Amino acid sequence: LHNCANFRKVSPYTNEAKLGMQTFSELRTLLVGYGYAGKTFHAPLLCATHGIKLTHVASSQAAQVKQQLGADIIVLADYETAVQLPDIDLVVIASPNDSHAPLAERALRAGKHVVVDKPFALTVKEANTLTALAEEQHLLLSVFHNPRFDADFQSLQHLINSGRLGPIAHLESRFDRFRPEVRQRWREQAGPGAGLWFDLGPHLLDQCLVLFGLPQTISASLKTVRPDATTTDWFSVLLDYGHFSVTLGASMLAAAPSARFTLQAQHGSWQKFGLDIQEDQLKQGLTPADANWGIELQPGLLYQNEQITPYSTAVGCNQQYYTAIVTAINGGGNNPVPPQQACAVMHMLELAEQSANEARVVQIFAGRQ
């Protein structure tokens with residue numbers, strides 16, 4: 001595993017220290033892919049970020065892109081040519097998962113800073129290769145783990161760090177939906193990087209590793225439960241940290257409400273229902289400039305001393321990811337999600353698949369490749 005022995009201790013390199021590049025008044029940016037992720041998350045957040053100018057989109061949907069983003073946007077159908085354009089500073093890759101690594105490599109070799117949507121790549125080997133290339137080229141490479149900036153996760157992180165509930169016994173982190181019909185889209189069809197584990201697993205793993213670092217063991221069950229499904233649409237993954245454990249889960253057949261987070265600790269519990277509001281706000285056409293952006297409608301509940309009290313300390317701020325990208329490229333701060341940390345997520349994705357395939361608990365070795 002590339003530089004991931006201690007996930008929380010990885011030092012994100014700064015542009016000032018290692019990139020040594022020029023300062024940009026505006027980063028001329030290319031968005032690759034205008035499917036759900038590109039249209040819903042990346043385009044509006046890029047347009048809302050001071051210091052970024054979205055100038056190009058690589059997509060086959062030229063009319064839709066221009067209608068939604070403006071007639072001045074340059075739209076190209078050829079992804080591979082687009083990432084090598086000379087008048088681009090930053091490339092954001094939101095294309096299908098199996099294209100992430102080859103497109104990121106071409107962009108880095110063309111001298112571009114790169115943001116890759118999750119998952120970073122399809123394998124740890126690909127992720128390590130990209131990480132080494134970015135370091136060699138002195139370019140910023142980052143992975144879009146935006147749930148680090150969700151209100152519920154930041155409230156959970158604050159609660160754990162406060163020590164208010166004492167030693168942790170168990171954390172359950174779930175992302176459930178009720179979609180009994182399989183959709184005709186690549187994420188739900190058999191193929192490299194498809195399925196629920198590669199779709200939601202990277203975010204759930206990343207949040208867990210941010211909180212606790214690498215576990216001692218992993219045990220995973222990855223299943224196909226809908227009649228017409230051809231790839232994983234249900235999973236349950238247990239991470240063992242010795243004195244406590246974490247369960248990560250997701251299902252496409254969860255009609256009943258389930259908690260997004262359930263924290264059990266020596267001095268009480270915390271539970272949060274409902275997903276972070278920012279995705280729905282983006283789908284409604286709202287931006288971080290709008291009132292009530294990122295404010296939770298369902299606060300978490302703290303169960304302590306025989307009392308139940310609301311406990312939500314944060315406001316969602318996905319926009320801070322791209323603000324940090326601008327700052328890092330201009331030498332003023334750290335990469336918000338350095339590739340070394342994304343390599344750790346890829347490592348855990350692979351080990352979970354190994355555990356599920358072999359029906360056994362898998363030991364985590366920090367130095368494993």
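These legends accompany several close-up views of a predicted model.

The model is predicted, so local features need pLDDT of at least 70 and side-chain atom pairs count only at pLDDT 80 or more, while totals for chains, interfaces and linings use all residues. Residues are numbered from 1 along each chain as its sequence is written, and side-chain values use heavy atoms, with hydrogens and water left out.

**View 1. Confidence along the chain.** pLDDT is the predictor's confidence in each residue, from 0 to 100. The protein chain has a mean pLDDT of 91, and 93% of its residues reach 70 or more. Over residues 1–18, however, the pLDDT is below 50, although this stretch has 62 contacts in the model beyond near neighbours in sequence. (Contact means heavy atoms within 4.5 Å.) Where pLDDT is low, the predicted coordinates should not be read in detail.

**View 2. The largest nonpolar core.** A nonpolar core is a set of buried Ala, Val, Leu, Ile, Met, Phe, Trp, Tyr and Cys residues joined through side-chain atoms within 4.5 Å. Here, buried means under 20% relative accessible area, exposed over 50%, and partly exposed in between, with a 1.4 Å probe and protein chains only. The largest core has 106 residues, and F212, L239 and Y322 have the most contacts inside it. Helix 8 (residues 196–212) gives the most to this core, with 11 residues. Helices (H or I, at least four residues) and strands (E, at least two) are DSSP runs, numbered from the N terminus.

**View 3. Around C208 and L239.** Find C208 in helix 8; C208 is buried, with a relative accessible area of 3%. Leaving aside neighbours within four places in sequence, C208 touches G213, L239, Y241 and V246. The C-alpha atoms of C208 and V246 are separated by 7.9 Å, with the two residues 38 apart along the chain.

**View 4. Aromatic pairs.** Rings of Phe, Tyr and Trp (its six-membered ring) pair if their centres lie within 6.5 Å; planes under 30 degrees apart count as stacked, over 60 as edge-to-face and the rest as tilted. The structure holds 10 aromatic pairs. F144 and Y322 are stacked, at 5.8 Å centre to centre with 25° between the planes. F144 lies in strand 6 (residues 141–144) and Y322 in helix 10 (residues 319–329), so this pair ties together parts 178 residues apart in sequence. Both F144 and Y322 are buried. W197 and F235 are edge-to-face, at 4.8 Å centre to centre with 75° between the planes. Since W197 lies in helix 8 and F235 in strand 9 (residues 234–240), their pair ties together parts 38 residues apart in sequence.

**View 5. Helix 10 and its end.** How many of the 11 residues of helix 10 are buried? Eight are, so helix 10 is largely enclosed by the rest of the structure. Among the buried ones are Q319, Y321 and I325. Just after helix 10, G331 takes a positive phi of about 85°.

View 6. Two strands pair if DSSP finds at least two bridges between them. Nine strands form an open sheet in the order 14-13-12-11-7-10-9-8-15, with mixed pairing. Strand 14 (307–310) and strand 15 (362–363) are the edge strands, each pairing on one side only. Strand 12 (residues 268–273) and strand 13 (residues 301–304) pair in the antiparallel sense over three bridges. Look for W270, which stands opposite L302 in strand 13.
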